[in-house]
Every structure is written in structure tokens, then in C-alpha cells.
Amino acid sequence: MSLSKHFCGILSASLCAFMLSTTSCQEKGNKGQCSLIPQPNELKTNTGQFVFNNSTVFYVSPELDKSSTPIIDSFSRNLNAVSGFQTTSQPLNETETLPEQSIVFKTNEKIVPEGYELNIQPDKITIQASDRSGVFYAIQTLKQLLPVAIYGNEPTSDIQWTSPCMEIKDAPRFGYRGLHIDVARHFFPKEEMKKILDLMALHKQNQLHWHLTDDQGWRIEIKKYPLLTEIGSIRNKTMIRKEWENYDTTPYGGFYTQEDIKEVVKYANERCINIIPEIDLPGHMMAALAAYPNLGCTGGPYEVSGQWGVRDDVLCPGKEETFTFIEDVLTEVMELFPSEYIHIGGDECPKVRWEKCPRCQSRIKAKGLKANEKHKAEFFLQSYVTARVEKFLNDHGRKIIGWDEILEGELAPNATVMSWRGMDGGIEAARLKHPVIMTPNNYVYLDYYPTMNTQDEPLAIGGYNPVEKVYSLEPVPAVLNEQERAYIIGAQGNLWTEYILSNEQLEYMLLPRLAALSEVQWTQPANKSWERFQNSLSHIVSIYNVMGVNYGKHIYEIAAKYDVPTASEGKVVVTLSTLGDSPMYYTLDGSQPTEESARYTQPIAITKSCMLQAIVVRDNVKTRTFKKEFKFNKATGKQVTLATTPTEKYTFAGASILTDGLRGDFNYSTGYWMGFMNEPMDITIDLGKVTPVSSVKVGAMIQFGEYIFPPTKITVWTATGKDGEFVKQGETDIPVATADVKDGLAEYSCQFKEVEANRIRILVDTTSSIPDWHGARTEKAHMFIDEVIVE
């Protein structure tokens, strides 16, 4: 798809000038409510406005933290640059009467860390905080209340520099408000990282989790080990799309020098953002092993991985030189990053090499590590690695964070757990009285598709986390008691970059989901409102435009819900929706809809095969045409009853998915597929009337890398009449998939002699155990079905 970067590029000059002059309190439908994101936790609007001019002076209390002064000066310079004013700052003298149009910065020790009070009156703005972060966030709020031109760098004209009068008392819900960026799979230069930091500042986020090393590349200069970047930063090939054994032949690489790191850390600090470096260990270390093969169990040779996923080769904890390497690397990392936290990964570390490594087995024996009913001894060997690294970092005044796999075996004494595989790991860690950062993949993995319209999206890893799903995250599970809830210190969004090929795509995947995440992190649940947030999006998007960053327009596109009525009427009811009240127009004959086409006013009943296309007409945003093809068969629009239970996560709208006439694509998380693992799919379709039938097909997905296998058997029964008994009509055995079968979409059928029936029962068996040729042999396989076709 085309990733258009500059929205204003398609607008007239006069309209762009109008947009640059808009403020957050000029949005339609928000009378008495300003469009601030994240929403402040206490806000009262008043009449009047404060007018900035050449006479505006910034008065700074001498009691204010001296580190706040550069923040205030930066805002003053920014305002002067875009407005043409010559505002100045000077010390506040409490005994003097201040002139009108003053901005006063004061210390208030009663305000919690990072909190602030912002009082805007017609003649004065007063900002109070107890620390520099509070001052910074007060300014971020004030900037959102100004014309959006404040986010640019160029002088503007014909803009009234005003801010509406109001009183705000605000503080973040969580002290940890994070964003994770992976630069190992694809590298992003320091200039792009600075843009990300600017976006984080806009959204009041304070922790950048920088994933610097992985199997596919080592991105940080370590002076004691120069081969880490000379060799480890470059992979000689990269897999093409999701073709696991097909590679390009183009070397790919990049890394940050230590001077680059210092520059980015300084830039972040100026925006009250701490950078947490991640050196992922003991797994995800192929790049390091390629440079220093002596650190592995087998001694190599190794290569920087050109394939995504998990590799069996990891650091060898049986060798003392491995720990020398780890400590040397972390020593240089600590010299570059002042962060209290260092992330050591700990995720996805296979133990197969350790099981056969004499040195690892010797270490297990020497340390008395023993298996228990849950884990082999090798899991406790990883716990030993984690605890030893933690002690080293603790001795240097630092703390560790690890992915929730560090819970397996024995949790290190002072570790903070980052819960990514859902929230269960975070719940377990909180009950063990360990700090927890919630980052569940099914809510805040920002490499997942942001829209169901995946056919028109850049290739992504899969999944489906739209803006509303991100916004709905509640990081504190209700199952925790009051004491346990206190251990949830924050939330984080994660952007992994296997399929993120450019700066523009990186921004596209972040925005506007980052705005939704910011309210999860900052705003108290009682003050969150999806409707208010939706109405506020247009203002934050206008800020993105001025900042020159790319963002997803899908928030302005058409969404659809599909329903099969309870009576088997043979129709599918489509309900269209879009942000706001912009008109929608549609066609069913395959033609491109225009404003002359039928206007959408009520749900559409689809009764036969057709192509539904729809557009939404907006003044300033051109969006993609909504397209959905319906393919009818004798089961389409007919009622389905499930006798078995699908995987909860992949149930979506329920059984009607199977007879709605819609086919899924290669993404199983968009709601067009139903997943089964522990049970077969056992359904009964009410055909509504006696109908001749002789064939049943099911649409299935094959995606071996995700443990998704085709069905192994289809059995069909039919019945006539309300109480008629089911009679078996046929069955088809499907051989268990072999390694030469390609990933993709396939149909599997069961043919039988034509019979008349008004009910049909279909049993589709899963692959009960993943075959030996697969790396996950003997584990359970998933089966995904998108449609049942009866002919």
C-alpha cells in the first residue's frame, strides 16, 4: 500500500493555514471539553482565553528545580520560532506585581512526582509542579491547547496565539509508561529514534525500551568486543515475506556508535524519557555467537540469522567465559545508559543445546539444580544465569527487567517482570511480590495489524490490535487483591520489526495506537471514555500532520459487522460504521461507489453472491474504499450450532463466522477464522428447508510456523424433519501434513451421494499431535476454519 506521509500535501494553502491555527478546544461536538490526549485526570473549563504576544514573559520561581529551566527555555524558543514573538524568561520575584500576559512557573511540593497544576486565566498562566517532569508535562498539555503550528519549526502568520481558560490538576496513573522499539530485526537510524522520542513526549510516555540485540543483528558498539558490530551487525540474507526457506541475497546491517547512543540518551533526557537498553540473553544471541563462536555450546560455526523466529543455539552457561562476556558488555552498557533498569530479555531460550552440552550438565550438577514436576533442570540453569546477572547489576546499582519467561524455573530475587504472553505471567509475578509491567501481546503488540483490511495493509506479523483494542486494555487484573495490584507499576506497547521496512511504516504502525496507549498509561479508568477519545483524535492527528509523521488513516475508514439472523433466512446482515457522522455510500454490483450511489442509512441485507463496496465522504481525508466479497452457497446465511468449544481467543463473533459467505486471508486474528485445538469442530447447520446436498467443503489455513495444521478428517451426517435422526452420509480421511506441504489457504471436501435434508452435521478433526518432522513435535496443533460450503 501507499504510505502517504504528509496529509497537508493534498490540501489547499488556505485550509492548511486554518488547520495550523486550530486548537484542541475548537473541535466539533466537544463543547466544554477540550480534545487533550491523554485526557487529564481533573479538568475544569472556564470562560475567556489567554493571548500570547510580544509582551509575554516567563517568570520562573528560584525554588523550582534548576533542571526545569532548560525545559522552559526550550518551550519559549519554540514559541518564538513559530509565532515571531520575542518572549523572554526571568526569575520570579514574589513581592513584585506581575504584568498581564505572564506565565508563572512555581514549585509545589504537595504535588506528586510527574504531576502538575495548570491554571489558565485571561491575564496569567500559572504552572506548578514538584519536579522537572511535572513542569514538562504541564507544557505538553499547554502545547496541545495552542494552535497546532506550535509543533512545527517554521514561522507562521495570521494565527491567533491563544489558549482557552481552564484549570487542570493532573498526574499519571502509572509511573512506568513505556514503548518498546526493536532495532535488531530492522535498524532505524538515530534521527528516526529522535522522532519516536518526540512522539513519546507528546503522549507523556517516560520509558523507551530499546531492543538493541537479537539473532538477526547486534546494534550497539561494544569497544571491548569489536566483532559484535563488525560481524554481528550484518546478516548476509533475509527471509522474503513469510517464505521461511526463501531468502534475498542482500547483506543488511547497521549499528549505533557509542557517540550515537550518548546523543540519543541526552535527547531523551531533555524530554523526561528514560531509555532502558535490552541485551537479550541467554537466548536470541546468534549475532553475538557469529562474532564470538567460543561463547556457544558447540563452538559453531554460526551466522547472523536471516530468518525470524527462535534459534536453538544460545549462550553456553557452562563456560565461565560466557559470564565474563556478559559482564563486560553490561559494564559498557551501564556507562552509556543511566537507567536504573537494564532489560536482559530471558525469553524464548531453547534448552536443547544445554541438554547435550557436557559443560552445561557439569554446571547443573555443581549447582545442584534439579528438575521438578513443571520444569527440567535446564530451566533452573537459565534461572541461575538470570540470578547471576541480576547480582552483577544490583552490585552496580542497577535492576533487571526480564520477559515473563524468567518466571520459569526460579524467579531472580529482585527482578521486574514484563508480562507479554497475556497477563497470566504478570498476575503470577504480582502474587510473588515482584514489580510487573503489563505488555500483553493480544492488546499492545503494535506489530499486529491495526485493521481487518489486511489485504491492503503492509505485510505484518499477523494478529489484530486495532485502536479500540489498545484503548480497552486494563493493566491491573481484577483477580488481584489490593496489595497485589500495587505491584503493577505500568504498561508498555511493543513494536517488533521483522516486517517493518521503513521509517514511514514504523510510524504508521505506532500511530494513532500510541495515543490510545497513552490514555491506558496516564488516565485514571474513571476518566477514560472511548467516545470522548474518538472525538479527540482529529486534533492529535492534526498535530501528527504538522510534525510530519506518518499515521494510519484506517481510523477514518469504514468498519463492518456481519450477522446471520437466528432464523435460517439465507441472508447476511451487514452493519457499517465510521468515526463521526460522515455520510457513507455503497454499491452491490461491483461498481465503484460515489456520492450518487445509495446512501447507507440502515443495515444491508445480503441475499446472494455480490461485491459490497462502500466509501465515506470526509472534507479533509481521503480513505480507501471498503470492499467485501460475499460468496453464497446452500449454507450461507443459515443458522449454525456448535457442539464443541473453539479456542476462546479465536471464537470472535461465534458460529455465524462459518456461514457468513466471507472468506479469510492469511491472518487468523481478524475475525474471519474460528480456531480449534483441544476439540474437533462439531457443528450442525439448519438449512431452513429440505434441500438436496452432496458435498461439504471447509476452508482451512496452513501456517506451520504458527503450529496451524489442516484438518485430518471430515465426517458428514444429514437429517430430515425437526426430529429426524442423523444418518451418516460420508467421511474423508486427510493425511497428516508432511514437511513438503506449503503454507497457504486450502479447501478440503467430503463428497457423498445426493440426499435431501434440512439439517446437516459436520465433524472436522484436528491434527491431534504435531508430527515429528516439525520443531514443535508432539505439541497440540491449531486448526482454523473460515467457511463451511454446502453444495
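Modeller: Buried means under 20% relative accessible area, exposed over 50%, and partly exposed in between, with a 1.4 Å probe and protein chains only. Helices (H or I, at least four residues) and strands (E, at least two) are DSSP runs, numbered from the N terminus. This is a predicted model, in which local features need pLDDT of at least 70 and side-chain atom pairs count only at pLDDT 80 or more, while totals for chains, interfaces and linings use all residues. Residues are numbered from 1 along each chain as its sequence is written, and side-chain values use heavy atoms, with hydrogens and water left out.

Biologist: How many of the residues of H3 are buried?

Modeller: Helix H3 covers residues 132-145. The helix is largely enclosed by the rest of the structure, because its buried residues number 14 of the 14.

Biologist: Which strands stand at the edges of the open sheet?

Modeller: The order is S22-S23-S26, with antiparallel pairing; two strands pair if DSSP finds at least two bridges between them. Each edge strand has a single partner strand, so one side is left without a neighbour in the sheet; the two are S22 (559-563) and S26 (604-606).

Biologist: Which residue of S26 is the bridge partner of Val 572?

Modeller: Strand S23 (residues 572-577) pairs with S26 in the antiparallel sense over 3 bridges. In S26, the partner of Val 572 is Ile 606.

Biologist: How many residues apart in sequence are the parts tied together by Phe 58 and Phe 105?

Modeller: Rings of Phe, Tyr and Trp (its six-membered ring) pair if their centres lie within 6.5 Å; planes under 30 degrees apart count as stacked, over 60 as edge-to-face and the rest as tilted. Phe 58 and Phe 105 are stacked, at 6.2 Å centre to centre and 15 degrees between the planes. Both are buried. Phe 58 lies in strand S2 (residues 57-60) and Phe 105 in strand S4 (residues 102-107), so the parts tied together are 47 residues apart in sequence.

Biologist: Which ring does the charged end of Arg 388 sit over?

Modeller: The criterion is NZ of Lys or CZ of Arg within 6 Å of the ring centre and within 35 degrees of the ring normal. The charged end of Arg 388 is 3.9 Å from the centre of the ring of Phe 323.

Technical notes. Expected span 1.5 Å × (residues − 1).
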